[in-house]
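User: Hi, I have just opened this one and would like a hand reading it. Could we go through a few residues together?
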Amino acid sequence: MNEWSPIASVYNPLKAGSIDGTDLEPHDRAVWRAMFARYKPNKGVVGDPLLTLYVARLNPQTTEERLQEVFSKYGQINRLRLVRDIVTGFSKRYAFIEYKEERSIVRARREANKLVVDQNELFVDFEQERTLKGWIPRRLGGGQGGKKESGQLRFGGKDRPFRKPISLGMGQLQDWSGGAREWDRGSKERDDRHRERERGQSTRHHERDPECGSRGARDERDRGREKDSYREKYRNNEREREDRRPSDKHRHRDRR
């Protein structure tokens, strides 16, 4: 952990696929492919690697003249190379652009990334093949700073450095366990205070209304009142029915 740095000095696919650079086992298929990849950098490349920009995801029909037109507005260009197939001559859809000044490449990296050229959204990044030892390109599972297959990110670069790792020592673990015991003790004290508060509210209620007994007694008294009112209604209904019934004399008179 003493040698940990937010920016990688040597490319390691296992660390690049980790958010803090401390993983011990790969958990991404691209990381496995990058670990077993055999890549040899092109020794014939010339120019200053610190002033060279990498441009990818180009339209197959995009030419050198079109790239010169788009990227020259960010600064003076020393060298531009569109990579083509050695047999067919078709574009491999990526290029390298070397600027004259550092501020030009920084501006181009910031403004040209995700720029749409010839109906294609570009990916622009600094060249790392000659600046980072052990570099493996994205097509072999390497790369930094972008999304890979299965959504795994790559860390360790200038734009997306490693996050500071979290390490818990024995002392911190002991403090955490002690804090857990304190939390349990505090929860018990809160429960006791809650019970005492409920008791105090019940006693204050009895003091305020001495005729009012317990909750069960109040419920019984309410039920008795409901029964009495129901009986009274029933008696009144019976009296009304008796009053509405015709007398026996009228019954015989109707039969005749």
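User: Is glutamate 98 buried or exposed?
Analyst: In this predicted model, glutamate 98 is buried, since its relative accessible area is 9%, which falls under the 20% cut-off for that word.

User: And what does glutamate 98 form a salt bridge with?
Analyst: Its partner is arginine 79, and the closest N and O atoms of the two are 2.4 Å apart. Glutamate 98 belongs to strand β3 and arginine 79 to strand β2, so the pair ties together parts that lie 19 residues apart in sequence. Arginine 79 itself is partly exposed, with a relative accessible area of 40%.

User: How many salt bridges does the structure hold?
Analyst: There are nine. One of them joins the side chains of aspartate 125 and arginine 109 at 3.4 Å, N to O, and it links strand β6 with helix α4, 16 residues apart. Both aspartate 125 and arginine 109 are buried.

User: Switching to α4, which residues are buried there?
Analyst: Ser104, Ile105, Ala108, Arg109 and Ala112 are the buried ones in that helix, and because they cover an arc of only 130° around the axis, they sit on the same side of α4. Glu102, Arg103 and Arg110, on the other side, are exposed.

User: What do the buried residues of α4 pack against?
Analyst: They pack against β1, α3, β3 and β6.

User: Last one, which residues make the nonpolar surface patch?
Analyst: Trp32, Met35 and Phe36 make that patch, which covers about 340 Å². Of these, methionine 35 is found in helix α2 and is partly exposed, with a relative accessible area of 35%.

Notes
Residues numbered from 1 in each chain as written. Predicted model: local features only at pLDDT ≥ 70, side-chain atom pairs only at ≥ 80, totals over all residues. Heavy atoms only, no water. Buried < 20%, exposed > 50% of the residue type's maximum accessible area, 1.4 Å probe, protein only. Helix = DSSP H or I, 4+ residues; strand = E, 2+ residues; numbered from the N terminus. Arc of directions from axis to C-beta. Contact = heavy atoms within 4.5 Å. Patch = residues over 30% accessible without salt bridge, like charges linked within 9 Å, V, L, I, M, F, W, Y side chains within 5 Å. Areas by Shrake-Rupley, 256 points an atom, 1.4 Å probe, with all protein chains shown as cover. Salt bridge = Lys/Arg side-chain N within 4 Å of Asp/Glu carboxyl O.
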